[in-house]
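Here are my notebook entries from a first walk through this structure.

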Amino acid sequence: MTATMTYREALKLSMRDAMVSDPGCLIYGLGVTDFTGIFGTTLGLEKEFGPGRVFDTPLSEDAMTGLAVGAALNGLYPIHIHIRNDFTLLTMNQVVNSIAKYRYMYGGLFQLPLLIRSVVGRSWGQGAQHSQSLQALFAHVPGLTVVMPASAASVLDTYAHAVKKFKGPVISLEHRLLYDYSFNLPDAPPPADPFAPRLARAGRDVTVVAVSSMVIDALHAADYMSREAGIEAEVIDLHCLTARDLGLVLSSVRKTGRLLVADTGWASYGVCAEICRAVAVSDPGALKAPVAEAAPAHAPCPTAKALENSFYPDMGTVVDKCYSLALGPGHGRPLPSEEFKRKLRKEFKGPF
Amino acid sequence: MQAGRGGAGVTAPSYRELFRQALRVRLAELKVAEIYPSDKIQSPVHLSLGQEHHAAALAASLLPGDQVYTTYRSHALYLAQGGDMKKMFAELYGRAGGISGGKAGSMHLCAPEAGLMGSSAIVGATLPHAMGAAYAFKLKNEPRVAVSVTGDGSTEEGVFSECLNFSSLKKLPVVFVVENNGLAIHARIENRQAYRLEALAGAYGIRYAMAPDGFDLEGVAAAFAPVLAASRAGEGPAVFEIKTCRYLQHVGVDGDLDKGYRCPREVGDWRCRDPLETDAALADELRPEIEREIDEAVAFAEASPVPPASDTFKDVI
């Protein structure tokens, strides 16, 4: 029987593993030691490892991010956690002006091994300031490694690599919708480079490059299209937005000639724009059709459910766009019903 | 030469040694100003002229293992703390032999071997870095102190108050040294601050001490020593304010007393009791050896190769 694990369990396991394997590991942030424990991922750690290494913080994101710099320079491994990605905007001076540049600006005299986790909210009216997926802002800046683990196995291998092997600053965005998904754990060993794109599903007709929770939507869409239309989508989990080697994406596009990019953040200047850039500068002739994108509407996220539904892309968006790519615009094929999609999706309820 | 560390904080540093170190900084800065019009130094320089004295006093008071985090006006601390002068000039010249191979320039000097762990061009950015170092020292139970050295403008940044709060909450061995020259670029302190620094520190339960005359070499060292010792002994953070004077413009090598935003007499009052100018006899005695060191440093920089273009892509991630 295949072993399974939820995303949340993988996070909890990774945090404890980091604390056990590195006596200099710190875990801190707002809510780290409260009874919710960052959606359960840091529960029990303060008790096990003590308040010196696991602690709640004042609402001082700027100083708490700068704290990681001095701590990392002195042999500690800070893990700073934000329960909403939106709050990381309060850390940007430290992240962009100091953390991203510390190694380079001083000519390689220093390294800053550290991890910043943050959670992207979605559903149940998270609204404009509790739902943003700002990976593009971080990935824009040289010096940062930006990851968006899309499965339990990804969390395990990526965080283990960040803590135990990698010597630089890592920014991770975790999607709240992923937390309750249960994933099969592969028998295969972890990828040689955990900071690289991953093949999530092989296919021949259309390439879908997706990040974070959109990988789940893309996989659901791929199964649906295979079943309903015999169209086989190849799904690539971009995973590491700052990966320099996009060979996996390019070879897939060369094979299928058709590309859809599915992001949790806005399309302009984001992952959609970047993947299109990569294809355009490397091999634009590989495309047999214009590229398509599945991304939130170019607006702040609205709160009302009716508006939220039209704001976000979902598996139906992916199916629709892939049909258009593979069969031509105005494909006329039926799309998955709301009822069908609801059964697949794990939305969360409640104010937190 | 680990200049300036001789006092090692155990015995009070001598006037002569503090004077020598301050003069060394003064003459090096004047050399930078002399070279600057030649365009060999293509980097904004924020000279420490007028602020050398307290840098010498601070550095001489620290123990090996202590760390300093500071600002873009960092030449004085770099040299006083024991940074290599040759590498500094090469860095200003943008040469491969510089501290950071030409990637830092004047504004980001560091000397990790001497405990200077970084200098930022973003006001206040290094305050929490010092606090993080102090967190590590305390967690590892090491008798070390982290010292943040920033200007009076940095106390207006939100992060200053954030750092006062957290360092007090955790009783961290960090000293926030505030170099108060009364100016933030061209903005005067009375137009910027509605608070008294002592009261601000007090609100967070933080010890406060002041050196009213930053030019008093021994006075600054004497006032700083107990502040440092208390933090080292586990009494938590402190704010240490030093009143001083910036002789030149904010950035560059020219004076600006004719620009109308500050009174020439304010600077004149400081200058007429600047020991580096009034104690001419000692300055004359020490100058030749220092000038030799500076000449060697400049020659080293001039001879150092430019960094290869491939360095552009090195050490990014």
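**Before starting.** I take axes as lines fitted to C-alpha atoms, for helices over the stretch in contact, and angles run from 0 to 180 degrees between N-to-C directions. I also keep in mind that this is a predicted model.

**Entry 1: chain A as a whole.** I began with the secondary structure and found 14 helices and 13 strands in chain A. Next I looked up the extent: the C-alpha atoms of chain A fill a box of roughly 60 × 45 × 45 Å along the principal axes. How does the radius of gyration of chain A stand against that of a compact globule? For 352 residues a compact globule would come near 20 Å, and chain A has 20 Å, so the two agree. I then checked burial, and 57% of the 352 residues in chain A are buried. I looked at contacts too: of those in chain A between residues at least 6 apart in sequence, 79% join residues at least 24 apart.

**Entry 2: two domains.** I see chain A divided into domain 1, residues 4-184, and domain 2, residues 198-344. Their C-alpha centres lie 27 Å apart. Where they touch, domain 1 of chain A gives 25 residues and domain 2 of chain A gives 19. On the domain 1 side, I noted helix 7 (135-139), strand 6 (145-147) and strand 7 (169-175) of chain A, each supplying at least two residues. I sorted that side of domain 1 by residue type and got 15 nonpolar, 9 polar and 1 charged.

**Entry 3: a sheet of chain A.** Here I followed an open sheet of 5 strands in the order 9-11-10-12-13, with mixed pairing. Which strands are at the edges? They are strand 9 (198-201) and strand 13 (292-294) of chain A, each pairing on one side only. Ignoring direction, I find neighbouring strands of this sheet turned by 25° against each other on average.

Then I picked out one pair of strands. Strand 10 (residues 206-210) and strand 12 (residues 259-262) of chain A run parallel to each other and pair over 4 bridges. I found Val208(A) opposite Leu260(A), which belongs to strand 12 of chain A.

Helix 13 (residues 315-327) of chain A lies across strand 10, strand 11 (233-237), strand 12 and strand 13 of chain A. I looked up its direction, and helix 13 runs at about 175° to strand 13 of chain A.

**Entry 4: Val261(A).** I stopped at this residue in strand 12 of chain A. Is Val261(A) buried or exposed? Val261(A) has 28 other C-beta atoms within 10 Å, so I count it as buried, the cut-off for that being 20 or more. Beyond its neighbours within four places in sequence, Val261(A) is in contact with Val209(A), Val271(A), Cys272(A), Ile275(A), Cys276(A), Val291(A) and Glu293(A). I also checked Met148(A): from Val261(A) it is 113 residues away in sequence and 15 Å away in space, C-alpha to C-alpha.

**Entry 5: where the chains meet.** Last, I turned to the contact between the chains, which takes 34 residues from chain B and 31 residues from chain A. On the chain B side, strand 2 (116-120), helix 5 (127-139) and helix 6 (158-169) of chain B are the elements giving two or more residues. The largest share, 10 residues, comes from helix 5 of chain B. My tally for that side of chain B is 21 nonpolar, 9 polar and 4 charged residues.

Methods
Residues numbered from 1 in each chain as written. Chains lettered and ligands numbered in written order. Predicted model: local features only at pLDDT ≥ 70, side-chain atom pairs only at ≥ 80, totals over all residues. Contact = placed C-beta atoms within 7 Å. Nonpolar A, V, L, I, M, F, W, Y, C, P; charged D, E, K, R; others polar. Domains from an automatic or database assignment. Pairing = 2+ DSSP bridges. Buried ≥ 20, exposed ≤ 12 C-beta atoms within 10 Å, placed from the backbone. Rg over C-alpha atoms; globule rule 2.2 N^0.38 Å.
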